[in-house]
Amino acid sequence: MAGLIFLSAIVFLPALGALILLFFPASAETAIRRMTLGITLVVFLMTLRLVFPGDGPAGETLLERSIHDVRFVAGEPGYQHALAVPWIRSFNIEYFLGIDGISLPLVLLTSFLSLLAAAASWSVTKHVKAYSVLFLLLETGMLGVFLALDFFLFYVFWEVMLLPMYFLIGIWGGPRKEYAAIKFFLFTLVGSVLMLIALLMLYFASDVRKLPEQARRESLLSSEMIVKSLAPGEKPLHTFNLVALAKLGQMPDSPFNEPAWLGKSIAWWAFLLLLVGFLIKVPSVPVHTWLPDAHVEAPTPISMILAGVLLKMGGYGIIRICYPVCPQGAYELAWFVCGLGVVSMVYGALAAMAQQDFKRLVAYSSVSHMGYVVLGLGAWSLVPGIWDTQYWKMGMNGAMFQMIAHGISSAGMFFMVGVLYDRVHHRDLDQFGGIFGKMPAYTALAIVIFFAALGLPGLCGFIGEVLVIFAAFSYSRVLAIIGASVVILTAGYILWTVRRVYLGAEYRGPHADALTPLSVREFAVGATLAVAAVIFGVFPQTLFRYMAPSVNRTVDEMAQWMKAVSINVVDSSEEPAEKSRREPTEVLGNLSGKVLEAGSQQ
């Protein structure tokens with residue numbers, strides 16, 4: 001119970017802070033800013049407590065024992081501090097929070113970037129009170145998405161995040177803020193509708209009673225739900241529990257494999273709907289067009305949050321929901337996922353090279369870098385009969401690492417662009433130049449962060465990209481070669497940008513006298529991001545020791561599902577003499593040959 005209370009405090013403390021800020025007078029802008037920064041600092045320290053060493057004695061008081069008990073144990077693949085409490089009983093909806101190695105890094109990233117964005121928000125001078133309230137509500141929505149293990153609760157937090165971001169862009173954005181905010185809202189709303197349809201499909205197809213009793217208990221269902229499932233009854237016992245849905249989806253005779261439409265199963269359609277909804281958030285081509293407009297018009301702190309955290313929700317949804325709950329659809333559409341990832345990588349890099357607006361260039365670079373995430377998650381390189389999971393594990397771990405690395409580097413790049421924009425009030429690359437001579441400390445930090453995005457060895461962007469390319473090579477050599485070639489395009493636009501902005505003879509734009517050195521606050525934010533990029537680049541095991549066990553467990557579950565489906569298809573359709581004459585690849589090919597045609601048989 002202590003773990004659930006602690007996770008709930010992490011999620012709702014920003015919302016409580018927003019409520020307190022409502023009683024502040026609007027004129028007390030300095031106090032409001034400091035209160036907002038203080039709340040984000042407390043939340044960050046609370047999330048940091050999850051990974052603090054705590055192997056010593058638990059202490060004597062209840063508070064000391066509770067604080068000791070909330071530590072996240074590295075190396076454990078399962079969920080920790082997970083507890084489900086009945087919420088809306090008529091629909092079996094539970095208040096269910098938990099954390100594992102997949103969600104822990106993203107929770108830390110969210111609290112870390114929220115703290116830095118709050119520090120960067122001193123440049124916001126209009127309606128400071130309303131801005132701070134919406135900012136804290138946004139943080140609650142983001143943290144809730146990464147900690148919710150009930151699909152309905154996940155969806156609620158997903159929607160809670162939408163409205164604050166809409167207003168933060170639409171009120172505090174640039175000249176075309178209304179257009180950018182509406183476009184962001186409509187795209188995200190379309191994804192939410194698709195997710196809602198898939199949610200309802202899976203809910204009404206689920207039945208907890210079909211799970212063995214041990215599997216029900218392993219699903220971390222509330223005691224009330226377990227009692228209901230053990231009681232005799234003819235009606236299906238539906239659930240939104242993501243752990244239970246994953247176990248149902250991975251059964252050889254899963255209820256999600258029932259035909260739905262056009263000869264495809266519920267799992268296939270649910271996966272496709274969820275995938276599109278999450279890819280809008282990633283974003284991937286062709287549903288990426290909201291991102292450049294939102295980034296260009298959003299204020300600098302919101303651009304940091306948008307690139308550093310919100311884009312990661314799409315990748316998190318794919319690895320947390322799409323693959324475990326709908327493995328059949330994921331297997332059959334792996335070629336589609338990998339193809340979109342590679343197309344996004346190439347398109348985003350080429351589009352970035354064509355930009356004249358500094359901020360738009362960074363926005364398109366996010367499309368390219370998040371393509372690595374999609375490719376790494378989709379590179380289903382398991383070969384039936386061999387069952388070698390190491391390369392897909394490599395790809396998924398690389399994708400997760402890339403999400404954290406991109407969160408750091410992209411937030412840093414948008415902050416660096418914002419520092420210049422606050423001084424000279426334009427982003428025209430052709431008018432920049434010679435910034436190094438006027439702002440040497442700023443230039444040094446910017447080059448470290450931009451080189452981290454480039455993927456320079458020793459910085460955070462290198463590890464994830466290399467692992468994803470290695471994994472993709474075992475799936476499709478063609479896709480791997482194309483993906484590796486994107487590094488050249490990335491180096492092209494990054495080095496071109498560094499030369500045009502920071503080097504060169506002199507600055508040619510307006511307000512040259514405003515190019516003053518960084519303030520202490522600006523230097524602290526930029527240096528923190530630069531140091532984080534170096535730490536994760538030099539010591540990647542700092543992240544992998546927490547993340548890899550849970551990621552590897554997800555891949556192992558997919559491998560077990562493939563084996564179970566292979567055996568089930570053979571046992572139900574063939575004579576014993578026929579079983580021995582057929583290869584596992586041929587058996588699983590009855591479900592889909594597309595992955596093997598595009599994949600590791602090359």
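These legends describe close-up views of a predicted protein model.

**Figure 1. The whole protein in overview.**
The chain has 602 residues. Its secondary structure comes to 26 helices and four strands. Along the principal axes, the C-alpha trace spans about 85 × 60 × 50 Å. How does the radius of gyration fit a compact globule? A compact globule with 602 residues would have a value near 25 Å, and the protein has 24 Å, so the two agree.

**Figure 2. The largest cavity and its lining.**
The model holds three cavities of 30 Å³ or more. This view shows the largest cavity, with a volume of about 80 Å³. Which residues line the largest cavity? They are R33, T36, L37, A118, S121, W122, V124, V128, Y131, S132 and F135. By class, the lining has seven nonpolar, three polar and one charged residues.

**Figure 3. Helices around the largest cavity.**
Two helices, α2 (29–49) and α5 (128–147), each supply at least two residues of the lining. Which helix gives the most to the lining of the largest cavity? Helix α5 does, with four residues. Among the lining residues are V128, Y131, S132 and F135. The lining also includes R33, T36 and L37.

**Figure 4. Helix α4 packed against helix α5.**
Helix α4 covers residues 103–120. It packs with α5 at an angle of about 170°. The two axes are 9 Å apart. Are α4 and α5 roughly parallel or roughly antiparallel? An angle over 145° counts as roughly antiparallel, so α4 and α5 are roughly antiparallel to each other. From α4, the contact is made by S103, L106, V107, T110, S111, S114, A117 and A118. From α5, the partners are F135, E139, M142, L143, F146 and L147. The residues of this contact divide into nine nonpolar, four polar and one charged. Two of these residues, A118 and F135, also line the largest cavity.

Most peptide bonds are trans. Which form does the bond from V282 to P283 take, cis or trans? The bond is cis, with omega near -10°. P283 lies in the loop between α11 (266–281) and α12 (290–297). The bond from V285 to P286 is also cis. Its omega is near 5°. P286 is found in the loop between α11 and α12 too.

**Figure 5. The backbone at L262.**
Most residues other than glycine have a negative phi. Where is L262? It sits in the loop between β3 (259–261) and β4 (264–265).

Definitions and conventions: Residues numbered from 1 in each chain as written. Predicted model: local features only at pLDDT ≥ 70, side-chain atom pairs only at ≥ 80, totals over all residues. Heavy atoms only, no water. 1 Å grid on protein atoms, 1.4 Å probe; cavity = no way out; pocket = protein on both sides within 12 Å on 5 of 7 lines; lining within 4 Å. Points joined across faces, edges and corners; volume = space filled by probe spheres on them. Nonpolar A, V, L, I, M, F, W, Y, C, P; charged D, E, K, R; others polar. Axes fitted to C-alpha atoms, helices over the stretch in contact; angles between N-to-C directions. Parallel < 35°, antiparallel > 145°, perpendicular 65-115°, else oblique. Contact = heavy atoms within 4.5 Å. Rg over C-alpha atoms; globule rule 2.2 N^0.38 Å.
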